[in-house]
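This report describes the fold of a single protein chain. Please consult the sequence and coordinates alongside the text.

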Amino acid sequence: MSATIKDVAIYAGVSKATVSRVLNKSGYVNSETEKKVLEAIQALNYKPNAIARSLYNKKSRSIALIIPDINNPFFPELARAVEDVANKNDYTLLLYNSDDQVQKEMNYLEDIKQKYINGIIWETHT
């Protein structure tokens with residue numbers, strides 16, 4: 001089982017709010033307390049929940065790529081290039097294949113709106 005923010009707080013002897021301030025680099029936390037929290041995070045191998053963070057921050061560090069046809073040899077190359085650049089910048093890539101269907105593109109856009117995606121690269125149907 002993964003460590004939670006509550007586990008980190010207990011280990012460091014602080015509140016969950018203090019752990020949150022350290023993680024988000026927001027609000028005041030004295031340096032000694034911050035050091036205790038960071039040591040607890042490392043000792044417990046705590047990893048923040050990416051979904052919860054994206055809901056809180058309204059950012060997912062994700063980019064959507066909508067392509068019309070994955071079978072077209074151009075688009076896998078494009079997807080690979082976009083993914084390489086995204087990864088270098090600490091983003092993930094979500095790939096959507098629309099099969100040249102406008103309705104699928106519209107459905108994907110609705111899906112993307114709900115996921116706090118940070119950007120869209122959209123190669124539309126012909």
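## Overall architecture

The model is predicted. The protein chain contains six helices and three strands, and from the N terminus on these elements follow the order α-α-α-α-β-α-β-α-β. The radius of gyration is 20 Å, well over the 14 Å that the globule rule gives for 126 residues, so the protein chain is more spread out than a compact globule. The C-alpha trace spans about 60 × 30 × 25 Å along its principal axes.

Of the contacts between residues at least 6 apart in sequence, 62% join residues at least 24 apart.

## Surface and charges

Buried residues account for 26% of the 126 residues in the protein chain. The accessible surface amounts to about 8700 Å², and carbon and sulfur atoms contribute 53% of that area.

The protein chain carries 16 positive and 15 negative side chains. The centres of these two sets are 13 Å apart.

## Strand 1

Strand 1 covers residues 62-67; six of its six residues are buried, so the strand is largely enclosed by the rest of the structure. In a regular strand, side chains alternate between the two faces of the sheet. Here Ser62, Ala64 and Ile66 point one way, whereas Ile63, Leu65 and Ile67 point the other way, and all are buried.

Strand 1 pairs with strand 2 (residues 92-97) in the parallel sense, over six bridges. Within this pairing, isoleucine 66 stands opposite tyrosine 96 of strand 2.

Note on methods: Residues are numbered from 1 along each chain as its sequence is written. This is a predicted model: local features need pLDDT of at least 70, side-chain atom pairs count only at pLDDT 80 or more; totals for chains, interfaces and linings use all residues. Side-chain values use heavy atoms; hydrogens and water are left out. Helices (H or I, at least four residues) and strands (E, at least two) are DSSP runs, numbered from the N terminus. The radius of gyration is taken over C-alpha atoms; the globule rule is 2.2 Å times the number of residues to the power 0.38. Buried means under 20% relative accessible area, exposed over 50%, partly exposed in between (1.4 Å probe, protein chains only). Contact means heavy atoms within 4.5 Å. Accessible areas come from the Shrake-Rupley method with a 1.4 Å probe; for residues, only the protein chains shown count as cover. Lys and Arg count as positive and Asp and Glu as negative; His and the chain ends are not counted. The place of a charge is taken as NZ of Lys, CZ of Arg, CG of Asp or CD of Glu. Two strands pair if DSSP finds at least two bridges between them.
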